[in-house]
Amino acid sequence: MSEARSRLLGTATELFYAEGLHAVGVDRVIAEAQVTRATLYRHFPSKDDLIVTYLVQADEAIRTQVDAARAHGADPDDIIRAVGRTITDDIQRLGFRGCAFLNAAAEYPDPTHPVHQAVLRHRQWFLATLTELFSGTGKIDPEPAARHFVMLRDGAMAAGCLTDPKPICETFLRGIEGLLTYRSRQEPAT
């Protein structure tokens, strides 16, 4: 990646996350990244392209965290716990403003818009990944457990920027333990 592209994306990432996607214009990104308008448009044909690239980068960072959790734990329960801890670490970091994907979906509600599509791709991957992880725990209904995890995560991400994140994170991790402890009694579909 060129130095100018990297600077543009880094600047946009900071501004978009801190202030919102619609609130930050390309002129502000250009000024703070100290590049020309031509440089911006050479790397990103539109603001939407810049936003999608910002979301793809956020998606890649989360995929890397999940891969690291998988690399450090052989026990599926421990991998799920490690994924949960990466989420609570994020919630407790300075400057946390919620989930970049939920924030983007709120600003771009049209499901056909490229930004919304980037959000959906990430969420579909995350749900599929958690379903796979819960399958490894022996649950007979891993998809509902994964959906429950995602719902808990969404709530924790939303609440974590509104109030003291510590009890939010404790509650989220307790919820994960509940998902791991509870073994469904429903019979698998045949």
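How are helix 4 and helix 6 oriented to each other, roughly parallel or roughly antiparallel? I opened the predicted model with that in mind.

**Entry 1: helix 4 and helix 6**

I looked up the two axes. Those of helix 4 (47-72) and helix 6 (residues 100-107) come within 10 Å and cross at roughly 150°. Angles over 145 degrees count as roughly antiparallel, so helix 4 and helix 6 are roughly antiparallel to each other. I noted the hand too: helix 4 passes helix 6 in a left-handed crossing.

Then I listed the contact residues. Helix 4 contributes Y54, L55, A58, D59 and I62. From helix 6 come A100, F101 and A104. I sorted the residues of this contact by type: seven are nonpolar, none is polar and one is charged.

**Entry 2: H122**

Next I went to H122, which I found in helix 7 (residues 114-135). Is H122 buried or exposed? Its relative accessible area is 4%. The cut-off for buried is under 20%, so H122 counts as buried.

I checked its neighbours, leaving out residues up to four places away in sequence. H122 touches D59, I62 and F101.

**Entry 3: helix 5 and helix 9**

I turned to another packed pair. Helix 5 (residues 76-91) and helix 9 (residues 165-181) pack at an angle of about 165°, with axes 10 Å apart. That angle makes helix 5 roughly antiparallel to helix 9. Here I recorded a right-handed crossing.

On helix 5 I noted D77, I80, R81, G84, R85, I87, T88 and I91 in the contact. On helix 9 I noted P165, C169, F172, L173, I176, E177 and L180. By type, the residues of this contact divide into nine nonpolar, two polar and four charged.

**Entry 4: helix 2**

Which residues of helix 2 (residues 26-33) are buried? I found V26, V29, I30 and A33. I then looked at how they sit around the axis. They cover an arc of only 100°, which puts them on the same side of helix 2.

I also asked what covers these buried residues. The cover includes helix 1 (3-19), helix 3 (37-43) and helix 4 (47-72). Helix 4 is also the partner of helix 6 in Entry 1.

Last, I checked the backbone just after helix 2. Q34 takes a positive phi there, of about 55°.

How values were computed:
Residues numbered from 1 in each chain as written. Predicted model: local features only at pLDDT ≥ 70, side-chain atom pairs only at ≥ 80, totals over all residues. Heavy atoms only, no water. Axes fitted to C-alpha atoms, helices over the stretch in contact; angles between N-to-C directions. Helix = DSSP H or I, 4+ residues; strand = E, 2+ residues; numbered from the N terminus. Parallel < 35°, antiparallel > 145°, perpendicular 65-115°, else oblique. Left-handed = near helix turned anticlockwise from the far one by under 90°. Contact = heavy atoms within 4.5 Å. Nonpolar A, V, L, I, M, F, W, Y, C, P; charged D, E, K, R; others polar. Buried < 20%, exposed > 50% of the residue type's maximum accessible area, 1.4 Å probe, protein only. Arc of directions from axis to C-beta.
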